[in-house]
Amino acid sequence: MFSYAGNALTRLTFSNGIEREHRSELTGSSRSKRSHRQVTLPLRTYAARTRPYSSADATKFLDARKLPFLRATKVINCCSSLSMRDSGSSGATGTAPVGTNRNTAAQRVGRAAVDWQSLGFGFTPTNCYVKAVWREQTGTWSPVEVVPYGPNGEATFPLHVASTALHYGQSIFEGLKAFACADGHVRLFRPQENARRLERSALRLNMPVVPAALFLEAVTRCVYENLEFVPPYVEQGGGGSLYVRPVLFGSGGRIGLGPADEYTFMVLVVPVGNYYKGGLSPVTAYISTNYDRAAPRGVGHVKVAGNYAADLKPSMEAKQRGYPINLYLDAREQKFIEEFGTSNFSAVRYLDENGNRYVYVTPDSPSVLEGVTNKTLMELSLDAGMKVERRRIPVEELATFDEVFASGTAVVITAVDQIVYGDQVIGIGKHPGSGQVGPVARRLYDTVRGLQTGRLPDRHGWTYLVA
Ligand code: COI
């Protein structure tokens, strides 16, 4: 069983006996205590999903859990009223009840009127988003509600004028992706990792935890209701996916500083292509020496919206200088590599002349975001027999690496072959500036994409079946 007991300490116990603990930083207010009482969830909510999602799941999911703070009443099933936005087709897809044969992934995937060839990383209104609300009054989460966008793609949301998200930045988010796979199914990649990280972020900002089961339900439901917007499977790897954006924010109003009395958990999806135009192609990074990303005991390790707001000015300054990606050093000493503005830092060193043995190096820092993609790359590197080092990386070491790349859900991997540091340009590898992608970055990228799209066998059980 997976059990969760939140207060000052969270303990995760798995059926194989492994235990994991992490300490929360709650102030111990009565609100926090109430929102973190002990619950027990079946392990299967954390396991890879191997059965397609259906409407019955939504009901079972809620019925099965008599969680004290998740008082399920009914599932608001809007699917039957939804249609593919601007699809020009009033056809069968998107209109039948969830879980019928007509609504298989094969019939719905890629049917929306989207130009799949020129997908970037912009917002596109889809059929709907989903949400659940937590209120202090009841100390419970509402059932997952499916909310259609407006008839003309209106994507606005009513919010209390004094919401703590707006005034005090009480807002956290996640990013994960769903893929059309080679076998015609649609799968999410490692959503359990995002559920765990959202929990850590929520505890740090004194917000109620979204139970993993609720997280998985909302994410699965949102992808299912928007299957038309999943980019079609492309044999040679098109780079397209349905980006899933869960957000948890203080929606209740409060003017004095304090936690909100109401929180909204919302999940939206957008079809995306590459985050950077060049995809995996190498770019030049710029070290933002005038700014810190996050303090050692601050909120850099969790996915707090404000971390990204704080990066806007430094990253725009880097872009204005002609560098698409910026890199931070540690806040305390300005000596060690921290991470890129929107993604983790990784480097590879070839251990012999022929480049046959490799070591994967990534920063160990209390203020670096615990990236799901970086974790995946470390695990795949170990699988491939590489050494993995998680340690402090002095900025002087940059020039000694054979490969450097940024990793994150949105970018997957972006190779970096030059780094501007003050008035120096540090070349990475043997041919900096040549536009070549290193063999390790290429192999890791292909492996991740292969796993995500089902071209490679999922030995770790990382994929999670939606439809
Ligand atoms: C992601 O990689 O999913 C992120 O959260 C980065 C964001 C700036 C797109």
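The model is predicted. The protein contains nine helices and 22 strands. Of its 467 residues, 46% count as buried. Among contacts in the protein with a separation of 6 or more, 72% are accounted for by residues 24 or more positions apart.

**Packing of helices α5 and α6**

- Helix α5 spans residues 191-204 and helix α6 spans residues 212-225; the two pack at an angle of about 125°, and their axes are 9 Å apart.
- The crossing formed by α5 and α6 is right-handed.
- On the α5 side, the contact involves Pro-191, Gln-192, Ala-195 and Leu-198.
- These α5 residues meet Ala-212, Phe-215, Leu-216 and Val-219 of α6.
- By class, the residues in the contact of α5 with α6 comprise seven nonpolar, one polar and no charged.

**Surroundings of the ligand**

- The residues around the ligand include Gly-175, Tyr-308 and Thr-342.
- Gly-408, Thr-409 and Ala-410 also belong to the residues around the ligand.
- The shell around the ligand consists of two nonpolar and four polar residues, with no charged residue.

- Most residues other than glycine have a negative phi.
- Gln-334, which is not a glycine, has a positive phi of about 60°.
- The loop between β14 (325-329) and β15 (337-340) holds Gln-334.
- Gln-334 counts as partly exposed because it has 13 C-beta neighbours inside 10 Å, where a buried residue would need 20 or more and an exposed one 12 or fewer.
- Val-412 is a residue other than glycine with a positive phi, and its value is near 60°.
- Val-412 is located in strand β20, which covers residues 412-421.
- With 25 other C-beta atoms within 10 Å, Val-412 is buried, since the threshold for that class is 20 or more.

**Summary of the two sites**

- Gln-334 lies in a loop and is partly exposed.
- Val-412 lies in a strand and is buried.

Key: Residues numbered from 1 in each chain as written. Predicted model: local features only at pLDDT ≥ 70, side-chain atom pairs only at ≥ 80, totals over all residues. Near = placed C-beta within 6 Å. Nonpolar A, V, L, I, M, F, W, Y, C, P; charged D, E, K, R; others polar. Axes fitted to C-alpha atoms, helices over the stretch in contact; angles between N-to-C directions. Helix = DSSP H or I, 4+ residues; strand = E, 2+ residues; numbered from the N terminus. Left-handed = near helix turned anticlockwise from the far one by under 90°. Contact = placed C-beta atoms within 7 Å.
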